[in-house]
Amino acid sequence: MDRRKLIKSLALTGTAPLLSFNTFQAKAKDEGMFAEPAKEIRIAEETDVIVCGGGPAGIAAAISSARSGAKTRLIEFNGCLGGIWTAGLLSNLIDHENKPGIMREIVDRLVASDAQMTAKNYDAEAMKVLLDKMCKEAGVDVRLHTRVVAAYTDRYNRLETIITESQTGREAWKAKAFIDASGNGDLAAQAGCSFDFGHPDSGKYQPSSMMAILTGLDYDVMYENRLFRREGIVGREHKIKLRDEIRKGGIDPSYGLPTLFPIRKDLFAMMANHEYNTHPLDAQQLTDATMQSRIEVNDIIDGLRSNGGIWKDIRIVATSEHIGMREGRRIKGQYTITKEDLIKGSTFKDAVCRVDFGVDVHSIDPNVSKGITNEGVRAKPYDIPVRSLIAKDVGGLMMAGRCISGDFLAHSSYRVTGNAVAMGEAAGMVSASAAMKNTLPQEVSWKNPY
Ligand SMILES: Cc1cc2nc3c(=O)[nH]c(=O)nc-3n(C[C@H](O)[C@H](O)[C@H](O)COP(=O)(O)OP(=O)(O)OC[C@H]3O[C@@H](n4cnc5c(N)ncnc54)[C@H](O)[C@@H]3O)c2cc1C
């Protein structure tokens with residue numbers, strides 16, 4: 001009897017599912033795999049726009065989509081909004097000064113709530129609650145503690161349904177438009193989009209770093225000791241000074257240009273380590289890098305305290321829950337920003353924002369350098385076109401933040417959070433319009449409101 005007939009006959013006795021599962025299982029086992037049985041999943045919600053990831057790009061995307069009138073769901077894996085800003089304890093904004101809209105609102109509200117010493121550095125706890133409030137005020141439906149794990153397109157290759165996992169179990173969600181703001185491009189990859197990864201020559205990726213919040217230091221004393229300028233700006237000379245102090249404490253930091261950002265009179269953020277060659281998509285490598293960097297950060301602080309003097313009371317308040325990954329997938333879009341755009345200072349009619357920040361590659365090889373390089377590329381201010389936010393391979397999907405379409409060097413420049421917010425804001429407006437008109441993002445005529 002052939003296999004199909006056998007299954008059909010056994011179906012009558014109710015044993016077919018068992019047989020087919022076992023058949024799959026045997027085949028999978030031969031290939032060193034486990035074949036997970038298919039099952040039906042509850043549809044949790046049907047909405048207009050779903051945003052995957054609530055970092056700087058994702059919160060801006062969700063807020064602007066909701067403000068544009070679309071019913072919007074934001075799904076975030078962490079227990080707080082903000083991504084690298086909060087769970088990552090970043091505490092420092094870059095390339096935000098020339099960004100109006102949501103970025104400006106965030107800075108104004110942080111300043112008004114006394115959450116920052118300067119317009120650049122902020123208190124991550126204050127940022128957490130501000131983002132909660134802004135999402136609530138905009139009417140965004142927020143789901144924390146939930147990871148997007150799969151995505152399915154319809155027969156026209158338009159993204160239609162995503163699957164999440166959380167304490168509730170596996171759930172399905174449907175929307176008319178989606179935005180991938182996951183940093184690593186998880187949603188786009190799950191939906192079948194092509195992407196680039198790492199350095200074009202070596203395939204290596206920039207190192208990751210663990211931020212730490214410190215206390216037991218005094219702002220005026222640190223300023224007088226040349227660890228930053230009066231307004232809190234940190235230059236190369238301040239980083240070298242901190243490195244010398246850390247070395248005096250007996251540790252040679254894995255990041256050659258460690259940085260101390262003042263947040264409040266008695267609160268500081270430190271970035272002082274590099275975990276080289278940690279693959280952002282490998283959970284075991286991430287685990288090892290997280291544990292190793294937490295040890296290094298603690299050793300650095302113990303060493304500084306042993307110096308006495310201005311360091312005698314230094315303590316760690318917190319290390320970041322999530323090690324900061326600079327790299328992830330760069331999803332292929334309808335336009336790919338390249339280093340030539342940076343060199344020329346390209347402008348585009350469909351610009352989302354202008355990037356002022358230059359090429360900033362953290363060393364991919366500690367044997368060459370433990371610092372940063374621009375790989376010889378001098379960037380002029382350039383535009384990010386909305387086309388680089390629209391997925392090339394799958395319909396109904398935009399990207400925002402560090403996973404948009406760009407090459408290695410361009411990414412090292414546009415990835416900073418001022419740009420991520422502007423990208424998110426634009427993606428939210430375009431996706432909301434596409435969802436409400438039941439069309440694709442590329443059919444929406446984009447007009448920058450600023
Ligand atoms: C160590 C370090 C230092 C940096 N220094 C600066 C700096 O000083 N200033 C600056 O402006 N920029 C800095 N950057 C760059 C900048 O922080 C990032 O490029 C920025 O985080 C981009 O924002 P994003 O929203 O795209 O990504 P992220 O901040 O990474 O946010 C992505 C969010 O998506 C969530 N997520 C991921 N996958 C899923 C999933 N499958 N399901 C649900 N949720 C998911 C994550 O939990 C996270 O909250 C630094 C980056 C690092 C790593």
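**View A. Helix H9 against strands E8 and E11.** In this predicted model, helix H9, spanning residues 283-306, lies across E8 and E11 and runs at about 160 degrees to E11. Strands E8 and E11 belong to an open sheet of four strands, ordered E9-E10-E8-E11, in which the pairing is antiparallel. Because strand E9 (259-264) and strand E11 (315-319) stand at the edges with a single partner strand each, one side of each is left without a neighbour in the sheet. Direction ignored, neighbouring strands of this sheet are turned by 30 degrees against each other on average.

**View B. The pairing of strands E8 and E10.** Strand E8 (residues 211-215) and strand E10 (residues 267-271) are joined in the antiparallel sense over four bridges. In this pairing, Ile213 has Ala269 of E10 as its bridge partner. In a regular strand, the side chains alternate between the two faces of the sheet.

View C. E4 (147-153) pairs with strand E5 (residues 159-166) in the antiparallel sense over six bridges, and the bridge partner of Tyr152 in E5 is Thr161. These two strands form a hairpin with five residues between them, and Asn157 in the turn has a positive phi of about 65 degrees. Strand E5 is also joined by six bridges to strand E6 (residues 169-180), the two running antiparallel, with Ile163 standing opposite Ala172 in E6. E5 and E6 likewise form a hairpin, here with two residues between them.

**View D. The surroundings of the ligand.** The ligand is surrounded by 36 residues, of which the closest are Gly53, Gly55, Gly83, Gly324 and Gly401. Helix H3 (56-67), strand E4 (147-153) and helix H12 (417-437) each supply at least two residues of this shell, so that strand E4, a partner of E5 in View C, is also represented around the ligand. By residue class, the shell divides into 15 nonpolar, 15 polar and six charged residues.

**View E. The crossing of helices H4 and H5.** The axes of helix H4 (residues 102-112) and helix H5 (residues 124-138) come within 11 Å and cross at roughly 120 degrees, which makes H4 oblique to H5. The crossing in which H4 passes H5 is right-handed. On the H4 side the contact is made by Ile106, Arg109 and Leu110, and on the H5 side by Ala126, Met127 and Leu130. The residues of this contact comprise five nonpolar, no polar and one charged.

Terms used
Residues numbered from 1 in each chain as written. Predicted model: local features only at pLDDT ≥ 70, side-chain atom pairs only at ≥ 80, totals over all residues. Axes fitted to C-alpha atoms, helices over the stretch in contact; angles between N-to-C directions. Parallel < 35°, antiparallel > 145°, perpendicular 65-115°, else oblique. Left-handed = near helix turned anticlockwise from the far one by under 90°. Contact = placed C-beta atoms within 7 Å. Nonpolar A, V, L, I, M, F, W, Y, C, P; charged D, E, K, R; others polar. Pairing = 2+ DSSP bridges. Near = placed C-beta within 6 Å.
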